[in-house]
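Here's a quick briefing to read with the model open.

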Amino acid sequence: MVRTRLARTAALIGAAATATLGLTGCAGATAAPDGVTIVATTTQVGDFTRALVGEQAEVTQLLAAGQSAHAFDPSAAQLAALANADALVISGAGLESWIDDAIDASGFEGLLIDAGEGVVTHGTHEHDGDEDHDHGGGGGHDDGHDDDHDHAGGNPHIWTDPALAEVMVRTIADGLAEIDGLDSGELEASASAYEAKLVALDDWITENIEMVPVDDRLLVTNHDAFTYFVEAYGITFVGSVIPNFDDNAEPSAAEIDELIARIAETGATAVFAEGSISPKAAETIAREAGIDVYSGDDALYADSLGAPGSEGATYLGSQIHNVRLILASWGATPSPLPAALEG
């Protein structure tokens, strides 16, 4: 988003602020008009924030289901909501390249909570699946923090690893606790309950993926969004249709040929489209490679959660959906969900 466009939009904020905000993708208002108001950028951090605040605050989510965070352009009404918000929650790690301009244009002066603060990011992943990221303790995840780390150039899709999602949730909860009008005890109880669900999710994923032989754990996706997921669970990332973090990029003919060759070399059996990206390229590559394609309702949730009522409408649901489909592509049947994830 260019600054000139935001400058023009900023002039509309005063009028928009007095109107009813029919914001696409926003959560239902649960607070009184004079209560705490929070703006969250992406579907993932919007979901985390709503799980934490419950009925204590009104949460406005900027991005709707299926929207890309890489090239987002907030409306005048959304900038007005940001101008009046007590807090802004962002995914961080360089995902929302437009956020500084949006803050400047809106005049937002509330609390900025960067959910990715301190999470160690990097620019790529290993293709051989050799790294050990045992979530059960020893040799796997560290605490996910490095206060001096620079996110620039790193892959921003940190939530794809539930252990890093847990770090994000804790960061959001700690930030929200600084806001007058929110009960810190209720926030802590909500954070602890949600973190327990993330631990149960991580354990369930680990249990199921470890049942599949390492050589069969092959993944081909629509774009390079699953770096932290594949590293966490010892999966070999064969490649992506769009070999880029940005889901708006276009693959070259040479890159497509290279991916098809790598599919043949590794024996990958499926290409996964993603819910927020057109499946056409993935379907073409699958057809040329002679393998299955998972698209439509069987696409993965990556940059965005799904629409209300879909399996991916929540972060937990999106991860369960993704893992079940990936296991199916490997010929594996997932175990029943633990009680903590039912319902």
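Which helix gives the most to the lining of the largest cavity? That would be helix 11 (residues 315–329), with four residues. Keep in mind that this is a predicted model.

**The cavities**
- Searching the whole structure for cavities of 30 Å³ or more turns up two.
- The largest cavity comes in at about 60 Å³.
- Its lining is made up of Gln44, Trp159, Thr160, Phe226, Tyr301, Ala302, Ser304, Leu305, Tyr315, Ser318, Gln319 and Asn322.
- Sort that lining by type and you get six nonpolar residues, six polar ones and no charged ones.
- As background, rolling a probe the size of a water molecule over the atoms is what shows where empty space is left.

**Helix 10, inside and out**
- Helix 10 (residues 280–289) has Ala282, Ile285 and Ala286 buried.
- These three sit on the same side of helix 10, because they cover an arc of only 100 degrees around the axis.
- The general rule behind this is that an α-helix has 3.6 residues a turn, so residues three or four places apart point the same way.

**Around helix 10**
- The cover over its buried residues includes strand 5 (218–223), strand 6 (236–242) and strand 7 (270–272).
- Strand 8 (292–294) and helix 9 (253–266) are also part of that cover.
- After helix 10 comes Gly290, with a positive phi near 70 degrees.

Terms used
Residues are numbered from 1 along each chain as its sequence is written. This is a predicted model: local features need pLDDT of at least 70, side-chain atom pairs count only at pLDDT 80 or more; totals for chains, interfaces and linings use all residues. Side-chain values use heavy atoms; hydrogens and water are left out. On a 1 Å grid over the protein atoms alone, a cavity is a set of points where a 1.4 Å probe fits but cannot get out, and a pocket is an open set with protein on both sides within 12 Å along at least five of seven lines; lining residues have an atom within 4 Å of a point. Grid points are joined across faces, edges and corners, and a volume is the space filled by probe spheres set on the points. Helices (H or I, at least four residues) and strands (E, at least two) are DSSP runs, numbered from the N terminus. Ala, Val, Leu, Ile, Met, Phe, Trp, Tyr, Cys and Pro count as nonpolar, Asp, Glu, Lys and Arg as charged, and the others, Gly among them, as polar. Buried means under 20% relative accessible area, exposed over 50%, partly exposed in between (1.4 Å probe, protein chains only). The arc is that of the directions from the helix axis to the C-beta atoms. Contact means heavy atoms within 4.5 Å.
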